[in-house]
Amino acid sequence: MLTGWASRIMQTTCCIVGGGPAGIMLGLLLARAGVEVVVLEKHADFLRDFRGDTIHPSTLQVLEEIGLKAAFEALPHQVVRQLGLTINGEYQNFVDFRSLKPYDYMAMAPQWDLLNMLANEARQAEGFTLRMQHEAVGLTREGELVTGVEVDSPDGRYTLEAKLVVGCDGRSSILRAQTDLPLVEFGAPMDALWFRLPRQPSQADDTFATLGQGHMLVLLNRDSYWQAAYVVPKGADARLRTEPVTELHRRLVELLPRLEDAAAAITSWDDVKTLNVQVNRLTRWYQPGLLLIGDAAHAMSPIGGVGINLAIQDAVATANELAATLAAGKRPETSQLQAIQQRRMLPTRLTQAVQRALQRRVIARTLDEDAPPVQLPALLRWLLQFQWFRRIPARLIGYGFRPEHVRLPVSPP
């Protein structure tokens, strides 16, 4: 429990900043292991449009390991077993999750439902506290040691002291900005415009991408609607928004003529959100008393929808390494924080390398209106006829590099 409110100084063992997938999962795992943990979330709820809603097989496996797979199955979700790609009017099945083990599908579920489920489960553990509308605005230090955070709340500002602060506050991390941790920016050739389009039950149920000369569209099947991402060259969003929204309609129909009726559902640019695509990573994720994970440590391209799943993998690795130390009320050694980075850096590097290659060789060329139309090499088209070959990208997307497994109790102590 939090103590010291009257003096505006409060204490806990572990302070987690950010109530996204990494933060809530880490809080749940640590609390179940007997750690006193406070999660700070600056918003009043988890409701955000166009957050990552893909739940990959690696995350499904984690949910099973912590005894929450059945609870997840009760949430509204869709099952995706194949991913397709249409290039210049020709459809190609590209990713086939079928026959992967232990889970042969990817799920699509609203992220707020997943977070609410995890948070409700975490509240069953005695040491867990989730503070909504509590925003960490700065770090507190004693010399080089991070000792806690300054927090803005509806009741005013206070200091939360902790043995460890974990930053899970995303690609625009406030905590990261207050350190001198070196960030390497790789850049991206695109941004994404996110919006919803109505979907008829008779339409194809595959989740797929469509590439045409100069533009690209991703459609994610959400049952009654398509969650759509129209991919534009980096920085082109502001220029496009000076046009009537009917220009977006025209582009969508040019790329996929059957969307003519659905595109009219976008009545203004207010219906369209912009994702500023970033690809970067810290070369060091920690300082004494502080650890950054998830997007705060490594922003991922939306390619493959792997960001949420890497963040959860980071959380599992962190809990496995630190739970015993924190449960004993001790401050983790810097060497333990370093060990977490060392374990998670390889999957991060490899995943970003694949994403950056696809950005250069496929997306940048697709968005260049003056470049020849992108074509799949004949050998690749031939190989994609075979399910065993389509399982290779499915394995990389679904389970990734070095998937983590929970090594902690699955129920509250």
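The following legends describe close-up views of a predicted model. Local features require pLDDT of at least 70 and side-chain atom pairs count only at pLDDT 80 or more, while totals for chains, interfaces and linings use all residues. Residues are numbered from 1 along each chain as its sequence is written, and side-chain values use heavy atoms, with hydrogens and water left out.

**View A. A nonpolar patch on the surface comprises L379, W382, F386, W388, I392 and L396.** Together these residues have about 610 Å² of accessible area (Shrake-Rupley method, 1.4 Å probe, only the protein chains shown counting as cover). Helices α11 (378-383) and α12 (387-398) each give two or more residues, and α12 supplies the largest share, three.

**View B. Helix α12 carries W388 and has buried residues F389, R390, A394, I397 and G398.** Helices are DSSP runs of H or I with at least four residues, and strands are runs of E with at least two. W388 is partly exposed at 48% relative accessible area (buried, under 20%; exposed, over 50%; partly exposed, in between). The buried residues pack against α2 (57-65), β5 (82-87), β6 (90-96) and α11 (contact, heavy atoms within 4.5 Å). Just after α12, G400 adopts a positive phi of about 70°.

**View C. Three strands form an open antiparallel sheet in the order β3-β7-β4.** Pairing requires at least two DSSP bridges between strands. Edge strands β3 (54-55) and β4 (78-80) each pair on one side only. Three bridges join β4 to β7 (residues 106-108), and V80 has M106 as its bridge partner in β7.

Notes:
Patches are made of residues with over 30% relative accessible area and no salt bridge: like charges are joined within 9 Å, nonpolar side chains (Val, Leu, Ile, Met, Phe, Trp, Tyr) within 5 Å. A salt bridge is a side-chain nitrogen of Lys or Arg within 4 Å of a carboxyl oxygen of Asp or Glu. Buried means under 20% relative accessible area, exposed over 50%, partly exposed in between (1.4 Å probe, protein chains only).
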